Amino acid sequence: MNGAVLGGAASIAQETGKRLAAAESLNATLHWSQDLLDAEARRVDAMPSPGPLAGMPLALKDNIVTVEQPTTCGSRILGDYVSPFNATVVERLRSAGGMVAIKANMDEFAMGSSTEHSAFGRVRHPIDPSRVPGGSSGGSAALVAAGVLPAALGSETGGSVRQPASFCGVVGIKPSYGRVSRFGLVAFGSSLDCISVFGRTVKDAGRVLSVISGPDPFDATTVDRPPMRVPEPLSSLRGLTLGLPREYFPSDLHAGVAAALKAMIDRARELGAEIREVSLPHSAYAVPTYYIIAPAEAAANLARYDGVRYGLRLIGPDGDIRSLYRATRGQGFGAEVQRRILVGTYVLSAGYYDAYYRKAQQVRSLIADDFRRTFASGVDLLLTPTTPTPAFRSGEKTADPVAMYLADIFVCPINLAGLPAVSIPAGRSEGLPIGAQLIAPAFEEERLLAAAAALERAIPAEAEVR
Amino acid sequence: MSWETVIGLEVHVQLRTRTKMFCGDRTTFGDPPNTNVCPVCLGLPGALPVPNAEAIRLATRAALALGCTIHETSVFARKNYFYPDLPKGYQISQFDKPLATGGSLTFDSGERGRIRVGITRLHVEEDAGKLLHDRFPGKTAVDLNRAGIPLAEIVSEPDLRSPAEARAYLSTLRQILVYAGVSDCSMEQGSLRVDANISIRRPGDSRLGTKAEVKNMNSFANVERALEAERARQISLVESGNPVEQVTLLFNAGTGQVKPTRSKEESHDYRYFPDPDLPPLTLTSAWIAEQRAALPELPDAKRGRLEAEYALPTYDARVLTSEPELAHYFESVVQAGVDPKTAANWVMGDVMTTYNERGAFPVAPERLGQLIGLVSRGALSHQAAKRVYGELSKTPTDDPAAVAERLGLTQVSDQGALTGWVDQVISAHPGEVSRFLNGETKLMAFFVGQVMKRSKGKADPKGVQPLLQERLRQTAESESR
């Protein structure tokens with residue numbers, strides 16, 4: 001897919017347009033046009049030195065703002081809102097030669113694990129349309145999995161890239177919190193939100209992450225460290241200690257997932273890694289902790305969608321400001337978003353703050369301490385399943401929010417701890433992809449990706465596991 | 001039975017920065033609506049706040065000037081509520097970890113003498129926008145130029161005991177903040193706003209009564225009036241057997257009355273929590289020490305120094321330090337070689353009048369020094385010098401001596417000319433002369449006045465009196481012969 005190889009960005013743009021049209025039935029995109037793709041190609045072809053992503057077409061999850069297209073966050077409440085500024089990551093992708101012209105479907109405001117909660121319809125799994133691609137970045141995942149694009153950006157708050165990467169059989173990297181600017185990412189849970197990357201390979205995803213990483217004066221939470229470099233894959237894992245946290249291998253783990261992980265562990269051992277069982281006891285509390293902190297932050301972050309300045313405005317029956325708020329927010333937000341706003345408002349309320357929000361922050365520290373202690377004990381990386389099961393059927397969990405939340409049980413502790421992690425394909429079970437997750441200490445993305453690339457080579461991604 | 005009034009004040013001052021608290025928009029007052037706005041202060045999706053270092057510096061300076069302890073780590077928090085002038089649906093403020101705590105203000109209260117009022121805390125926050133109700137008939141418009149303006153909120157302890165004390169506290173606070181250069185403190189431009197909490201209790205009672213919050217006062221005088229009105233309301237409530245309820249009241253300057261707001265503000269639950277977009281604000285002790293060292297001389301210290309260094313009366317020192325510019329001007333005039341008390345008289349007189357009119361000093365202190373020099377050398381009478389000063393304030397670059405010349409005000413101290421006028425006066429008033437010689441010595445003033453009149457004010461009065469004495473004595477001698 002490199003422009004130099006295929007003879008210019010213009011032909012890649014044409015080819016991408018054809019593939020997007022062919023993949024229409026996935027409902028993975030919200031906005032794209034051949035005109036904009038072609039304009040991007042012309043811009044890239046005119047660059048004197050196009051940079052590391054020369055001619056690479058990329059999709060953005062539709063919660064990353066661009067000036068050319070609407071940003072909807074998969075919600076009705078933003079209407080046809082078009083941002084007057086570009087996200088920092090957009091500027092960085094473009095100056096590296098990337099072609100940014102596709103906005104991908106998503107769970108509304110990134111709240112969901114199946115991309116069924118989009119106001120613009122659900123995204124279908126590229127292998128089995130009756131199944132979900134995972135979420136909330138399901139559109140981006142499906143586009144990469146369907147071979148439309150080599151890479152795409154999603155966002156994570158509680159696993160929203162690694163989980164769909166696992167379901168769709170692609171690579172998903174979540175960087176350390178503070179590694180990539182959030183400027184221009186529509187906020188959900190600000191202390192957790194990370195722009196993250198899908199790629200067909202660790203290398204593709206790593207190249208993109210390298211381009212978008214690094215401090216940004218417009219985001220006070222970015223960390224002052226140089227951009228990540230793309231590491232060479234390790235030829236051997238000798239000297240590397242892989243920790244297997246026992247809490248992430250429950251006895252009722254899906255048999256296919258268990259088998260895939262066992263195969264992955266065997267390959268790692270063959271490559272020279274030392275395997276050590278470890279314990280992360282507080283990870284058991286990650287999902288409830290996450291479902292206090294993320295909604296609390298979301299309730300505040302989503303207060304700005306009030307119908308006063310932009311987006312949807314519904315006047316309501318009484319004609320006063322409260323009626324406008326009620327009508328706009330009551331009809332503009334979907335059920336899952338409203339549920340989380342209510343939860344978030346509740347856990348911050350006078351009399352409940354200590355019992356919920358403060359307690360959750362304390363537990364969050366304990367979860368992070370578990371990881372710190374484990375890495376300090378000589379473990380280099382942790383290896384876990386990314387999800388407890390392969391992709392589930394659409395409609396299977398929509399009536400049971402808690403069942404849906406548990407799809408993120410192995411991914412969301414990492415967001416609470418702010419660590420980098422990657423999900424790589426680990427084979428298939430009954431035709432459905434399984435993902436393995438590698439977790440590194442904060443800002444050790446290069447170690448993480450060098451090992452991930454080695455394991456990626458050792459496992460045939462599309463082979464059935466037994 | 002008597003009542004004790006308990007008052008605490010929350011003062012918001014706008015920090016004197018060029019740009020807003022969390023973005024690069026200008027803070028200019030009076031620009032057309034919604035011209036100083038950007039994605040950050042409009043609360044657009046994806047925009048993020050970045051703290052303004054200058055605002056932090058000014059707030060720290062204010063806190064140091066008020067004797068507060070600066071916390072090396074403070075935390076920005078979100079204060080959540082819905083209102084059309086609040087773009088994000090929350091205000092970025094500080095809550096349980098403010099920038100500074102535990103300061104005080106000492107001032108003359110009048111009734112209780114010199115008192116010390118505790119300052120609970122000082123924290124940094126952003127302002128909200130403004131609703132315009134008179135712009136479009138039947139509609140409310142939103143102006144977000146103020147949204148994101150940096151503010152320091154200064155909360156006092158409930159240590160004030162009367163509306164007059166509240167007013168004195170505010171004057172002292174404003175003076176210190178202006179001295180420290182942290183705020184313009186202009187109530188007209190909204191760069192200083194006051195909310196007052198007031199309750200009453202029986203003298204000697206240590207518990208606080210139920211408080212009411214009074215808002216919407218546009219001057220210190222009106223703060224006093226509003227608090228007088230609210231105190232009277234609470235006393236009459238309680239004395240007629242009704243409890244005081246916790247309410248928010250708006251002051252109406254037209255009627256002088258306070259009225260409860262219609263909104264149920266007291267039921268607000270702001271759901272404060274740390275703003276995850278902003279890391280904790282950390283200041284090093286070295287930086288704080290640097291700010292402390294850079295603090296200018298504050299009003300109390302300056303007043304004391306002026307009294308001691310220039311042997312000025314307390315009253316003079318107080319007037320001269322009412323504003324830092326005035327004290328600076330005074331010291332420059334002294335530096336130009338003028339006797340301190342003479343300089344003080346000038347600065348408190350004509351100079352202050354023109355300063356109050358124009359907000360500036362049209363006559364440079366060196367020029368005023370030259371002018372006063374003409375008086376002390378006898379070249380100009382004090383009255384004439386005041387006229388020259390008036391002229392100089394219109395044409396500040398002119399030389400005072402040249403102006404005096406041009407106006408024909410230069411004094412004559414030449415003996416020959418003075419003797420001529422004196423002789424004319426003596427021969428013109430034989431009656432007064434004989435009365436004087438018969439012991440009516442107070443007529444000397446009359447003779448001096450007559451000489452000044454004949455000289456059209458040019459005669460040097462210091463030279464005239466000895467000459468008159470001499471001539472009158474000679475007249476007496478010739479008569480007795």
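How many bridges join strand β12 of chain B to strand β13 of chain B, and in which direction do the two strands run? Three bridges, and the strands run parallel. Strand β12 covers residues 212-215, and strand β13 covers residues 248-252. One pair to look at is B:K215, whose bridge partner in β13(B) is B:L250.

Before I go on, a caution. This is a predicted model.

Let me stay with β12(B). On its other pairing, β12(B) meets β11(B) in the antiparallel sense, over three bridges. There B:N197 has B:E213 as its bridge partner in β12(B). Now look at the faces. B:A212 and B:V214 are on the covered face of β12(B). B:E213 and B:K215 are on the uncovered one. So much for the strand; next, the sheet around it.

The sheet in chain B is open and has nine strands. Read across, the order is β2-β6-β7-β10-β1-β11-β12-β13-β14. Pairing is mixed. At the edges sit β2, residues 69-70, and β14, residues 257-260. Each of those pairs on one side only.

Move to β1(B). What is the sense of its pairing with β11(B), parallel or antiparallel? Antiparallel, over 10 bridges. B:L9 stands opposite B:A196 in β11(B). On the β10(B) side, five bridges join the two strands, and again they run antiparallel. B:E10 stands opposite B:V155 in β10(B).

Which helix lies across these strands? That is α3(B). It lies across β1 (4-14), β6 (100-108), β7 (114-126), β10 (150-156) and β11 (192-201) of chain B. Relative to β6(B), α3(B) runs at about 110°.

Chain B is divided into domain 1 (4-287), domain 2 (297-406) and domain 3 (415-480). The C-alpha centres of domain 1 and domain 2 of chain B lie 37 Å apart. Five residues of domain 1 of chain B are in contact with four residues of domain 2 of chain B. Where does the largest share of the domain 1 side come from? From helix α3 of chain B, residues 163-179, with four residues. By class, that side of domain 1 has four nonpolar residues, one polar and no charged.

Next, the contact between chains. On the chain B side, 25 residues are in contact with 33 residues of chain A. Two elements of chain B give two or more residues to that side: α1 (39-42) and β4 (76-80). The chain B side has 16 nonpolar, four polar and five charged residues.

Now chain A. It has 15 helices and 11 strands. Why call its overall size consistent with a compact globule? Because a compact globule of 466 residues would have a radius of gyration near 23 Å, and chain A has 21 Å, which agrees. Along the principal axes, the C-alpha atoms of chain A fill a box of roughly 70 × 60 × 45 Å. Of the 466 residues in chain A, 62% are buried. Then the contacts: take those between residues at least 6 apart in the sequence of chain A. Of these, 76% join residues at least 24 apart.

Chain A has an open sheet too, formed by 11 strands. The order is β1-β3-β2-β4-β6-β5-β10-β11-β9-β7-β8, with mixed pairing. The edge strands are β1 (29-32) and β8 (274-278) of chain A, each pairing on one side only. On average, neighbouring strands of this sheet are turned by 30° against each other, direction ignored.

Strand β5 of chain A, residues 171-174, runs antiparallel to strand β10 of chain A, residues 421-429. Three bridges join them. A:K174 stands opposite A:A421 in β10(A).

Two helices of chain A to finish. Helix α5, residues 138-145, lies across β1, β2 (57-61), β3 (99-104), β4 (151-156) and β6 (194-199) of chain A. Its angle to β4(A) is about 155°. Helix α8, residues 255-270, lies across β7 (241-245), β8, β9 (381-385), β10 and β11 (432-439) of chain A. Helix α8 of chain A runs at about 115° to β10(A).

Note on methods
Residues numbered from 1 in each chain as written. Chains lettered and ligands numbered in written order. Predicted model: local features only at pLDDT ≥ 70, side-chain atom pairs only at ≥ 80, totals over all residues. Domains from an automatic or database assignment. Contact = placed C-beta atoms within 7 Å. Nonpolar A, V, L, I, M, F, W, Y, C, P; charged D, E, K, R; others polar. Pairing = 2+ DSSP bridges. Axes fitted to C-alpha atoms, helices over the stretch in contact; angles between N-to-C directions. Rg over C-alpha atoms; globule rule 2.2 N^0.38 Å. Buried ≥ 20, exposed ≤ 12 C-beta atoms within 10 Å, placed from the backbone.
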